[in-house]
Amino acid sequence: MVSPGAVFAPAFLASAVEAIEMAVIVIGVGATRGWRWTLTGAAAGAGVLAVLVAGLGRALTVVPIDSLRLVVGGLLLVFGLQWLRKGIRRVAATGLSGYKGGVHIDDDAPPPGAGFDPTAFVLAFKGVVLEGLEVAFIAVSFGATANAYLPAIGGAVSAVVVVGVIAAASQAWVRRIPRSALQLVVGLLLTSFGTFWGAEGLGVDWPGSDAAILWLLLLYTTTAAVATALLRRRPALTPARQP
Amino acid sequence: MIRAVVAFARFWYGFIIGDDWTAAAAVAAGFVATWLLLRAHVDAWWLLPLVVVGITATGVARDHARG
C-alpha cells in the first residue's frame, strides 16, 4: 500500500508545473489587455473544466488532450508572434520607459471600460481549460496508479490553490515591468507556450520535458534582444522617428 | 445575426492572421513539416523553434523596411 504522502507530493509537484503555466498566461494577458475579461475568460474556462471533470470523472482520459494541445498551442503561437513583433518594434522605438502607467499597452486592445474583449477572454479561457485538464489528468493518473485518488486530488488541488495565491500576490511585481516592455514579455511567453504545446500536440518529445519552455523562452528572448538592438542601431527607420 | 457572424469571423481573422498572414502560413507549414518528419521517425523538436525565430526575424525586418 502506497502512503498518502507518496501520492500527494508528486501529484502536487506535477500539478504545480501546470498551474504555473496557467497562471503565467492569465497574469500576462490580464496585465496587457485588462483584468475584467481576462478573469471572466479564466472563470469560464474553470466552469467548463468543472463540468468536464464532474461529468467524466475517472473517464477524463478520453478527452483528446494531444488535439487540444495542438489547437491551443497553434492559436497561442500565431497570436503570440503578433505581439512579439509589435513588442520588439515598440521597445526599439521607445526604450523600456517609453510608456507610463495608464497608457494602453496593446494598440488593438479596447479602451478600459469598453465592451467585451474577446481576445483577453479567449486567451485566458484556453489557458485555463488546457492546463486545468492537464492538472485533472495528473490527479486521475496518479490516483489510478497508486489506487489512492484522495491524496492525488488533494495534491493537485493544493498546487492550484498555492500557485493561485502566489500569482495573485505577484500582480504588484508585474506592475513594475516597464509598460512598453510588457507586450514584448507577454508575446515571448505566449510564443514559448504556443511552440511547446503545439509541437507536443503533434507528438514531439521535448528535451527536458516541461523545462523546454525555459530554453524556448531564452531562445526567443535572445532573438528579440538581437532584433531590438539592430533596430535601435538604425533608428532613422523606426516608428519613433516617423512624423 | 449576420452582424454577429461577421464580428465572429473578423475576430478570428484578427486573432490568427492579424496584419501579417505570412506568419500564420509559416506556422502552419512548420506544423505540417514537423508532423511529416515525426511520421518519418525523425525527432523534429528543433524545427518549430527555428521557424519561430525565422518568422520573427523576417517580420521585424519587413516592418523595418516599410518604416
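Colleague: So a helix is a DSSP run of H or I with at least four residues, a strand is a run of E with at least two, and both are numbered from the N terminus. With that in hand, how do the elements of chain A run from the N terminus on?

Modeller: They go α-α-α-α-α-α-α-α. Chain A has eight helices and zero strands. One thing to keep in mind from the start is that this is a predicted model.

Colleague: Okay, and how many helices are there in chain B?

Modeller: Chain B has three helices and zero strands, giving the pattern α-α-α along its sequence. Its radius of gyration is 16 Å, well over the 11 Å that the globule rule gives for 67 residues, so chain B is more spread out than a compact globule. Taken along the principal axes, its C-alpha atoms fill a box of roughly 50 × 35 × 10 Å.

Colleague: What percentage of chain B is buried?

Modeller: Buried residues are 27% of the 67 in chain B. For chain A, the figure is 49% of 243 residues.

Colleague: Let's talk confidence. What is the mean pLDDT of chain A?

Modeller: The mean is 84, and 87% of the residues of chain A reach 70 or more. By helix, confidence is highest in α8(A), with a mean of 93, and lowest in α6 (residues 171-176) of chain A, with a mean of 76.

Colleague: Where is the pLDDT below 50?

Modeller: Residues 99-104 of chain A are one such stretch, with eight contacts in the model beyond near neighbours in sequence. Residues 236-243 of chain A are also below 50, and that stretch has 13 such contacts. Where pLDDT is low, the predicted coordinates should not be read in detail.

Colleague: Noted. Now, how many residues of chain A are in contact with chain B?

Modeller: On the chain A side there are 32, in contact with 25 residues of chain B. In chain A, α3 (65-94), α4 (118-146), α7 (179-202) and α8 (212-233) each supply at least two residues of that side. The largest share, eleven residues, comes from α3(A). By type, the chain A side divides into 20 nonpolar, nine polar and three charged residues.

Colleague: Can you give me a residue from the chain B side? What does B:Phe31 touch?

Modeller: Not counting residues up to four places away in sequence, B:Phe31 touches A:Gly74, A:Gly198 and A:Leu202. B:Phe31 belongs to helix α2 (residues 21-39) of chain B.

Colleague: And is B:Phe31 buried or exposed?

Modeller: B:Phe31 is buried: 21 other C-beta atoms lie within 10 Å, and the cut-off for buried is 20 or more. Within chain B, the C-alpha atoms of B:Phe31 and B:Leu47 are 8.8 Å apart, although the two are separated by 16 residues along the chain.

Colleague: Back to α3(A). How many of its residues are buried?

Modeller: 23 of 30, so α3(A) is mostly covered. Its end C-alpha atoms are 41 Å apart, which agrees with the 44 Å that its 30 residues should span at 1.5 Å a residue. After the helix comes A:Gly95, with a positive phi near 80°.

Colleague: Which residues does A:Thr228 touch?

Modeller: A:Thr228, in helix α8 of chain A, touches A:Ile88, A:Val91 and A:Ala92, leaving out residues up to four places away in sequence. A:Thr228 and A:Ala92 are 136 residues apart in sequence, yet 5.0 Å apart in space, C-alpha to C-alpha. With 22 C-beta neighbours inside 10 Å, A:Thr228 counts as buried.

Colleague: How many residues has the largest nonpolar core?

Modeller: That core has 86 residues, and those with the most contacts inside it are A:Ala11, A:Val26, A:Ala124, A:Ala139 and A:Ala156. The largest share of the core, 16 residues, comes from α4(A). Setting aside its neighbours within four places in sequence, A:Ala124 has contacts that include A:Ile25, A:Val26 and A:Val29.

Colleague: Last one: which residues are buried in α5(A)?

Modeller: Among them are A:Pro151, A:Ile153, A:Ala156 and A:Val160. What covers the buried residues of α5(A) includes α1 (4-33) and α4 of chain A. As for its length, α5 (residues 149-169) has 21 residues and reaches 30 Å from its first C-alpha to its last, close to the expected 30 Å.

Definitions and conventions
Residues numbered from 1 in each chain as written. Chains lettered and ligands numbered in written order. Predicted model: local features only at pLDDT ≥ 70, side-chain atom pairs only at ≥ 80, totals over all residues. Contact = placed C-beta atoms within 7 Å. Nonpolar A, V, L, I, M, F, W, Y, C, P; charged D, E, K, R; others polar. Rg over C-alpha atoms; globule rule 2.2 N^0.38 Å. Buried ≥ 20, exposed ≤ 12 C-beta atoms within 10 Å, placed from the backbone. pLDDT = per-residue confidence, 0-100. Expected span 1.5 Å × (residues − 1). Core = buried A, V, L, I, M, F, W, Y, C linked by C-beta atoms within 7 Å.
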